[in-house]
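Subject: Structure for you to look at

Hello,

Here is the structure I promised to pass on. Please open it next to this email and follow along.

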Amino acid sequence: MTQATDIHVRPTLDGEQDALGRIMFRAIHEGHSAYTPAQRSAWCAEPPAGAPWAARLTPMTVRVAEANGAPIGFMARQKTYVDFTFVLPDWQGRGVFSALFARAEADARAEGLRRLWVHASLMAQPAFAAQGFRVIRHETVPRNGETLDRAEMEKVLT
């Protein structure tokens, strides 16, 4: 089995945004989820792609986990806010999240940031907690006729 030591975390490459959208879609729709199929469709009905998706990622610091020459996960951060974190289902639970977050935290510290925060899905909360995040508050947000539970979490960088 391939382990996290076999992955490489790097900046995103030009033109790979659609591949990251497919990772996001698969992470939401495949494998274990605390959300119903209707909630998952409301969250992300199709893979984000094209110019609008690329424009959304452009102002962010995006780090990509790669194995065997292909992206397997990514984390996108805009200043102190971790906006996107998704790992392909086959790679979940294998250290990819930890590798991505280690790079994001190192980047944030190098930028002199003192805090990172996120709106974490039910599935992402344990992974963020394992990296030292604490829940600020739980919330339920509307999405396309459904509601999704999540938590606002933060990590103080000392």
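First, a term you will need: two strands count as paired if DSSP finds at least two bridges between them. Strands of a sheet pair through backbone hydrogen bonds, either parallel or antiparallel. Keep in mind that this is a predicted model.

Now look at β4 and β5. These two strands run parallel, and 2 bridges join them. Take Val-82 as an example: its bridge partner in β5 is Val-118.

Two packed helices are described by the angle between their axes and the distance between the axes. For α1 and α3, the angle is about 90° and the axes are 9 Å apart. Angles of 65 to 115 degrees count as roughly perpendicular, so α1 and α3 are roughly perpendicular to each other. Which residues make this contact? From α1 come Gln-17, Asp-18, Leu-20, Gly-21 and Met-24. From α3 come Gly-50, Trp-53, Ala-54 and Leu-57. By type, the contact of α1 with α3 has 5 nonpolar, 3 polar and 1 charged.

The largest pocket has a volume of about 1,000 Å³. It is lined by 42 residues. Closest to its centre are Trp-43, Thr-85, Phe-86, Ser-121 and Ala-124. Several helices and strands give two or more residues to the lining. The helices are α1 (17-29), α3 (50-57), α4 (96-110) and α5 (125-130). The strands are β4 (81-87), β5 (115-121), β6 (134-143) and β7 (146-156). Which element gives the most? That is β4, with 7 residues. Sorted by type, the lining of the largest pocket has 27 nonpolar, 9 polar and 6 charged residues.

Best wishes

Conventions:
Residues numbered from 1 in each chain as written. Predicted model: local features only at pLDDT ≥ 70, side-chain atom pairs only at ≥ 80, totals over all residues. Heavy atoms only, no water. 1 Å grid on protein atoms, 1.4 Å probe; cavity = no way out; pocket = protein on both sides within 12 Å on 5 of 7 lines; lining within 4 Å. Points joined across faces, edges and corners; volume = space filled by probe spheres on them. Helix = DSSP H or I, 4+ residues; strand = E, 2+ residues; numbered from the N terminus. Nonpolar A, V, L, I, M, F, W, Y, C, P; charged D, E, K, R; others polar. Axes fitted to C-alpha atoms, helices over the stretch in contact; angles between N-to-C directions. Parallel < 35°, antiparallel > 145°, perpendicular 65-115°, else oblique. Contact = heavy atoms within 4.5 Å.
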